Amino acid sequence: MATKTQVIDIIHKVSAAIGENAQFLTDLDNAIGDGDHGINLARGFKKVEEELPAVADKDIGAILKKVGMTLVSTVGGASGPLYGTAFMKAGDAVKEKEEVTAEDFIAMLEAGIGGVQLRGKAEKGEKTMLDAMIPALDAMREAGTADAKAMLEAGLKAAKEGVEYTKTIIATKGRASYLGERSIGHQDPGASSFTVILETVANTV
Amino acid sequence: MVGVVIVSHSKTLAEGVLEFCRVMAAEAPLVAAGGMEDGSFGTSFEKIKAAVESVNQGEGVLVLMDVGSAVMTTEMVLEDIADDSVQMVDCPLVVGAIAAAVAAEGGLDFESVKAEALSAWDARKLS
């Protein structure tokens, strides 16, 4: 699905996509959260880009771990420990690999979701990034790994549907939970940023 | 003495809680870890880690947090430090911090300081 060089290229593209969507994601977060999601993530990924050359000769697992650690150190909001843990766990799933297959990508996403659940103590249906991540994983498993592009597109479609679903439910995790029913009608910023990331992967592979 | 770290998204909130504690506990190893490195709103892994190390006199360190990423980032710092005598305590921030600071200043051991912080849950203001 992707060589190490391509993985590094994807990370740069993810950073660019998050940068382009920073204001959009922050506006979503302003509506139901503390209004820092996009700006924080963009700052984190910018730093990730600065750190990438230093780990370019390492394996993909080590590179993703570095991405995660950098996000933890630089994001500042909840998305730092959440995405940070997700990338670190995804890195563990592809230790010492120089190339990522479609099967590996499923294993990475599964490990990443496990990381987010461990760190955020959330489940599906609480209006969080998991509401895009878990449907994406399920759809990719169902699509199968024979055609990586088709697999990613199935995952992206499910993630987008997951974002739409977050508009219909009450937030019970994070600061959006203080809004109760007033959180209905707003899409979750974390589910949205995950979808931006997955869309970048799907468009690049 | 047991060390106490106040973690908040807000630099001024963490420093304000510390200021309150200092009135009661001038000598205890207390430190605020609020905001990002540049003082902006958020929680910083490095700042929290450095704060924990700065008040660790070998008798344990208790970390009190506000909400959300303050809890998650502290959790990651503690996983990194991997020392059973450095722990988070789940209690109301202001009252818990004062209770912990006074207990630390009084030379109480780690478990006793932690119990004092947790007693903040029972500290009624109107009754």
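Strand E2 (residues 30–34) of chain B runs parallel to E1(B), and five bridges join the two. Strands count as paired when DSSP finds at least two bridges between them. Val4(B) stands opposite Leu30(B) in E2(B). The model is predicted: local features need pLDDT of at least 70, side-chain atom pairs count only at pLDDT 80 or more, and totals for chains, interfaces and linings use all residues. Residues are numbered from 1 along each chain as its sequence is written, with chains lettered from A and ligands numbered from 1 in the order in which they are written.

E1(B) is also joined to strand E3 (residues 61–65) of chain B by five bridges, again in parallel. Here Ile6(B) faces Leu64(B) in E3(B). Helices (H or I, at least four residues) and strands (E, at least two) are DSSP runs, numbered from the N terminus.

Strand E1 (residues 3–8) of chain B is largely enclosed by the rest of the structure, because six of its six residues are buried. Buried means that 20 or more other C-beta atoms, placed from the backbone, lie within 10 Å of the residue's own. Gly3(B), Val5(B) and Val7(B) cover one side; Val4(B), Ile6(B) and Ser8(B) lie on the other.

Chain B also meets chain A. The contact involves 11 residues of chain B and 12 residues of chain A, a contact being two C-beta atoms, placed from the backbone, within 7 Å. Helix H2 (45–54) and helix H3 (69–81) of chain B each give two or more residues to this side of chain B. H3(B) supplies the largest share, four residues.

Key: A residue is buried if 20 or more other C-beta atoms lie within 10 Å of its own, exposed if 12 or fewer, and partly exposed in between; C-beta atoms are placed from the backbone.
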